[in-house]
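Notebook open. I want to go through the sheet, the charged pairs and the surface charge.

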Amino acid sequence: MERMSGPYVIRGSVSLPESELTWRFSRSSGPGGQHVNTSDSQAELRFDLARTEALPEVWKQRALERLAGRLVDGGVLVVRAAEHRSQWRNRERALVRMASLLAEATAPPPPQRRRKKVPRGVNERRLRQKKQRSEIKKGRSGRGWQ
């Protein structure tokens, strides 16, 4: 059997460990002709996020919090792929999806936004423009012409 085009890097030097991945295959729905009833082309990839040693502890906690709604069986992340007719391509797709999910979930939080004071000139200019606009609109009313 050919080897998958890996390793699938999550971020930096951390990648998905082959030993901690569990595969299951089943018949995929959709088109496929005679071939569809005989081949298990849908790929299901499972990764036990709660018990893994491959991720740094901080990343693991962050991922467990962010992916809480997707986890099953107490911390197992499951990804399915059935878009392609070939099991091989579905396996590739599931691995890529798993790696990107984990990369997104383990990313550090964005830096907090620092609120800055609005310069006085900006505020004065805005108020002056509002006043001018108001005068223009008042001039359109037609009152005071007689």
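Before I count strands into a sheet, I need a rule: two strands pair if DSSP finds at least two bridges between them. I also keep in mind that this is a predicted model.

**Entry: the sheet**

I looked up the strand order first. Four strands form an open sheet, in the order β3-β4-β6-β5, with antiparallel pairing. The edges are β3 (21–26) and β5, each of which pairs on one side only. As a reminder to myself, strands of a sheet pair through backbone hydrogen bonds, either parallel or antiparallel.

**Entry: around β6**

How many bridges hold β4 and β6 together in the antiparallel sense? I get six between β6 and strand β4, which covers residues 42–48. In this pairing I find A43 opposite A81 of β6.

Then I checked β5, residues 71–72. Two bridges join β5 to β6, and the two strands run antiparallel. Here L71 stands opposite L77 in β6. The hairpin of β5 and β6 has three residues between the strands, and D73 takes a positive phi near 50° there.

I also asked about cover: how many of the six residues of β6 are buried? Five of them are, so I note strand β6 (residues 76–81) as mostly covered, given that buried means under 20% relative accessible area.

**Entry: salt bridges**

My cut-off is a side-chain nitrogen of Lys or Arg within 4 Å of a carboxyl oxygen of Asp or Glu. By this rule I have eight salt bridges.

I started with E44 and R80, whose side chains meet in a salt bridge at 3.0 Å, N to O. This pair links distant parts of the chain, with E44 in strand β4 and R80 in strand β6, 36 residues apart. Is E44 buried or exposed? E44 has a relative accessible area of 4%, so I log E44 as buried. R80 comes out as partly exposed, at 48%. Both residues turn up again in a network of salt bridges that links R24, E44, R46, D73 and R80.

Next pair: D48 forms a salt bridge with R51, and their closest N and O atoms are 2.8 Å apart. D48 is partly exposed at 22% relative accessible area, while R51 counts as exposed at 55%.

Then I went to helix α1 (residues 57–66). E57 and K60 both lie in this helix, three residues apart, about one turn. They form a salt bridge, with 3.9 Å between the closest N and O atoms. I set that value against the 4 Å cut-off, and the pair is within it. E57 counts as partly exposed at 47% relative accessibility, whereas K60 counts as buried at 7%.

**Entry: surface charge**

Last, I looked for charge on the surface. Which residues gather in a patch of positive charge? I find R113, R114, R115 and K116. I picked out R115, which sits in the loop between α2 (87–106) and α3 (120–139). Its relative accessible area is 76%, so R115 goes down as exposed. Patch members must have over 30% relative accessible area and no salt bridge, and R115 clears the area part of that rule at 76%.

How values were computed:
Residues numbered from 1 in each chain as written. Predicted model: local features only at pLDDT ≥ 70, side-chain atom pairs only at ≥ 80, totals over all residues. Heavy atoms only, no water. Buried < 20%, exposed > 50% of the residue type's maximum accessible area, 1.4 Å probe, protein only. Patch = residues over 30% accessible without salt bridge, like charges linked within 9 Å, V, L, I, M, F, W, Y side chains within 5 Å. Areas by Shrake-Rupley, 256 points an atom, 1.4 Å probe, with all protein chains shown as cover. Lys, Arg positive; Asp, Glu negative; His and termini not counted. Charge placed at Lys NZ, Arg CZ, Asp CG, Glu CD.
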